Amino acid sequence: MRVLVLAGRRLAASIPTLFLILIGVFLLLQLAPGDTVDALMAQMGGGDAATARQLREFYGLDLSVWAQLGNYLWRLVRLDLGFSAIYGKPVATVIAERLPATILLMTASLSLAFFFGLILGVVAARGVNKWPDTLISTLGLMFYAMPTFWFGLMAIVVFSIYLQWLPAGGFEDITVSYTGLRRTLDIATHLVLPTLTLGLFYMAIYLRIMRGSMLEVLNLDFVRTARSKGMDETRVVVRHVLRNALLPMVTLIGLQAGTMLGGSVVVESVFSLPGLGRLAYESVIQRDLNTLLGIVFVSALLVIAVNFIVDLLYARLDPRITTGS
Amino acid sequence: MDMTRRAALKTSAAIASSVLFPMRSFAQETPRKGGVFTVHYGAEQRQLNPSLQASTGVYIIGGKIQEQLVDLDAKGQPVGVLAESWESSADGKTITFKLRPSVTWHDGKPFTSADVQYTAMEMWKKILNYGSTLQLFLTAVDTPDPLTAVFRYERPMPLNLLLRALPDLGYVSPRHLYEGKGDIRQNPVNLAPVGTGPFKFVQYERGQHVIAERNPNYWRANAPYLDRIVWRVVTDRAAAAAQMEAGQIHYSPFSGLTISDSARLGKDPRFIVSTKGNEGNARTNTIEFNFRRKELADIRVRRAIAHALDIPFFIENFLGDFAKRGTGPIPSVSTDFYPADNGPQYPFDKKLAAKLLDEAGFKPGASGTRFSLRLLPAPWGEDISLFATFIQQSLADVGIKIEIVRTDGGGFLKQVYDDHAFDLATGWHQYRNDPAVSTTVWYRSGQPKGAPWTNQWDWTDPTIDKIIDDAATEVDAAKRKALYGDFVRRANSELPIWTPIEQIFLTAISAKARNHSNTPRWGSASWHDLWLAE
């Protein structure tokens, strides 16, 4: 019950923020020169003034900016995200089509980053300033410093062109149509390289955070107490240190779930994946306001949801933090 | 010639090898049926029907599914597709097409003159870009019988103009799927096109792929050879090159790869990289001058800017064998219209440039700068971006300071053609086989504000307006050609736009492909004879 009340309060507090974000994005895009008809003309390679006028009427661009904004918000209140100019379909459908690939890629790479970041961070912290720490920290720094597009392209060159183990791009093999388990496997092989490319970058961050946080907790009094009770080291690390050191990691994952959703334009482009990042990029280039605002709306909802879950996790990990009342 | 000897030799060698090579290797083989041909699709469009949108991004898919009345043959001459023959009345106001019998749409309905009538009046005349200009004076299409379509014009329509425009602007759509089905632009058929072509539409997954399969009832005997065509959406150029090397893509059309990847794949025996098959898609790099700036309204300044750029140097070092020195608004591949004399050519001469600027009264200030200009490069290709930087550095040498302002496509068109917020702009002019289709609008005065790729330079010249108007309705082919010669010489001497570089799109294709690049607009063609060797 308390959870429901908390959820309700959170949602109520988020609604004004959400509207401010949407109005902000709408007005920002008005500052960019050109509208979706100019973008369409650029794509077509020409068109006369009469056609342009017809198209502006068609897309509702002959109205004033405030009338357009008013229309948009009124539709949103009725949970209608509007019609996409570039896709000729309702925005909700367009986003729903792109969600599976995005969520699959995101969950896979976040899990990879979280899991290996955690393990490597612990290993590094336990052998601090010895060779495992040096090796892990150096590798982490390398993954962090490497530009993702370059890492992705190099992975393609090695694994797809020379070794020919993995496909160079795409979401699934379209020259043959698989079904069932075979299709799942096919999609999985297509996602190995993009997941690695995106995941290794985030893993580098997680492992640094985990290492630092472990080192801090290892020096606290209760750890000394646990050790002096004669507890063996593994138990100390897993039961006492890890649980406390996890808090910053959970905070970070909450923050990054939002950015990862929109932040993989590069990986999606390099590996030709049909994700939300590329959709957002295309909407900006094509000045497709409805689609862009729709993506912002969905991303914002997701961030709110993830942050809520993170709050609940805090309480579980550290009972001293209450869910507030 | 302005070209260096070395560059000239390299270019001619490249052309010779690209022409000879396919002949030598394909002569002995028998075509193989079957196979899946995969195509790099770089920029998704909003719809796929070529009767509604004239652009390579639509033809690359829609051109395999729908067909036009007329296409261009290997020599660049009009050849009938859905039309078997045509004739014009003496006054040029009536043009009659005899249509191909027993052709059916992919849904089984017969193709008739009613389809042509509907497409011409409702799509080409009202919606299709460039079509609406071409068919401005089309008053009616009569259909005396199912296989005859009579085009009636208010003013004379030169037959050779119509026949050279129709390969791009003459795709026919099925009337029964559009008429009475509401707004043509919103018809779902636009994203699942139905045509008469060798391939039938199967599926379009946005952001991923388009699939089409063999049309078993195609009207050409024993065609097509391929089972399927798959277009893969790959937005990253470097990734597209990697997918070609990994064997996931057979063909990247219209300069879809980076210049460096094209050069690299060109040396790989598994691929053929060439300009062949794109002669109908010639373009020139342009410099547009805004006459609202008093400096640029002075012809001496425009000529000085042209003289200050070492174009052969730029081509040799940045574009390689795939470009050559442009001579005017009509590119040299246009055999029907390319004039023997192109007028003044402005060879590289820095001293002359400085002298012209001095004469115009723009002496260098204390810092050596005469004046500053804003240059807007169009975002269509990396060559434009390189050229903008080259202009900036070359003009700094003669005391003109350039500020480069980069934008995306929509922003470029808005700022140049609507807001006129530029001093210099540089982009591409696409030549579409006849100067009246998309070339003369760059020079004719009276273009409505906001119309992209038209004369928005605040430059009016009654002489060139008269030449353009006369040529547009001249039905005698020889006289038309002569008029366009006058047009080119006038354009080059007044220089409202300079067209210093001529390019043809590059094709990168797997060496397994056969019968490819065999027409001047092959990327857009129907591929009924294309096949894949084992």
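**Chain architecture, contacts and local geometry**

Tutor: From the N terminus on, the elements of chain A follow the order α-α-α-α-α-α-α-α-α-α-α-α-α. The model is predicted, and the predictor assigns the complex a pTM of 0.86 and an ipTM of 0.82.

Student: How many helices and how many strands does chain A have?

Tutor: The order of elements in chain A, α-α-α-α-α-α-α-α-α-α-α-α-α, lists α elements. The C-alpha trace of this chain spans about 85 × 60 × 40 Å along its principal axes. The count for chain A is 13 helices and zero strands.

Student: What percentage of the contacts in chain A with a separation of 6 or more is accounted for by residues 24 or more positions apart?

Tutor: Chain A holds 325 residues, of which buried residues make up 37%. Among its contacts with a separation of 6 or more, the share from residues 24 or more positions apart is 71%.

Student: Which element gives the largest share of the side of chain A that touches chain B?

Tutor: The interface brings 45 residues of chain A into contact with 52 residues of chain B. Elements of chain A that give two or more residues to this side include helix 3 (49-58), helix 5 (91-126) and helix 7 (148-162). By type, the residues on this side divide into 25 nonpolar, 13 polar and seven charged. The largest share, seven residues, comes from helix 2 of chain A.

Student: Against which helix of chain A do the buried residues of helix 2 of chain B pack?

Tutor: Helix 2 of chain B covers residues 56-65, and ten of its ten residues are buried; among them are B:Val58, B:Tyr59, B:Ile60 and B:Lys64. Within chain B, these buried residues pack against strand 1 (36-41), strand 8 (199-205), strand 9 (209-214) and strand 10 (228-233). In chain A, the partner is helix 2.

Student: What is the distance between the end C-alpha atoms of helix 6 of chain A, and what span should its residues have?

Tutor: Helix 6 of chain A comprises 15 residues, 131-145. At 1.5 Å a residue, the helix should span 21 Å, which agrees with its end C-alpha atoms being 21 Å apart. Both values are therefore 21 Å.

Student: Why are the buried residues of helix 6 of chain A on the same side?

Tutor: The buried residues in helix 6 of chain A are A:Ile136, A:Gly140 and A:Phe143. They lie on the same side of the helix because they cover an arc of only 65 degrees around its axis. An α-helix has 3.6 residues a turn, so residues three or four places apart point the same way. The arc in question is 65 degrees.

Student: Which residues are exposed on the other side, and what do the buried ones pack against?

Tutor: The exposed residues on the other side of helix 6 of chain A are A:Trp131, A:Thr138, A:Met142 and A:Ala145. The buried residues of this helix pack against helix 5 and helix 8 (180-218) of chain A.

Student: Which residues touch the most other members of the largest nonpolar core?

Tutor: In soluble globular proteins, nonpolar side chains tend to be buried together. The largest nonpolar core here holds 192 residues, and those that touch the most other members are A:Tyr206 and B:Phe487.

Student: Is A:Ser272 buried or exposed?

Tutor: A:Ser272 is found in the loop between helix 11 and helix 12 of chain A. Although not a glycine, A:Ser272 has a positive phi of about 50 degrees. A residue with 20 or more other C-beta atoms within 10 Å is buried. With 29 C-beta neighbours inside 10 Å, A:Ser272 therefore counts as buried.

Student: What is the omega of the cis peptide bond that joins B:Ala223 and B:Pro224?

Tutor: B:Pro224 is placed in the loop between strand 9 and strand 10 of chain B. The omega of the cis bond joining B:Ala223 to B:Pro224 is about -5 degrees.

Student: Over which residues of chain B does pLDDT stay under 50?

Tutor: Chain B has a mean pLDDT of 91, and 95% of its residues reach 70 or more. For the stretch under 50, the model has 24 contacts beyond four places in sequence. This stretch of chain B is residues 1-26.

Definitions and conventions:
Residues are numbered from 1 along each chain as its sequence is written. Chains are lettered from A and ligands numbered from 1 in the order in which they are written. This is a predicted model: local features need pLDDT of at least 70, side-chain atom pairs count only at pLDDT 80 or more; totals for chains, interfaces and linings use all residues. Two residues are in contact if their C-beta atoms, placed from the backbone, lie within 7 Å. Helices (H or I, at least four residues) and strands (E, at least two) are DSSP runs, numbered from the N terminus. Ala, Val, Leu, Ile, Met, Phe, Trp, Tyr, Cys and Pro count as nonpolar, Asp, Glu, Lys and Arg as charged, and the others, Gly among them, as polar. pLDDT is the predictor's confidence in each residue, from 0 to 100. The expected span of a helix is 1.5 Å times one less than its number of residues. A residue is buried if 20 or more other C-beta atoms lie within 10 Å of its own, exposed if 12 or fewer, and partly exposed in between; C-beta atoms are placed from the backbone. The arc is that of the directions from the helix axis to the C-beta atoms. A nonpolar core is a set of buried Ala, Val, Leu, Ile, Met, Phe, Trp, Tyr and Cys residues joined through C-beta atoms within 7 Å.
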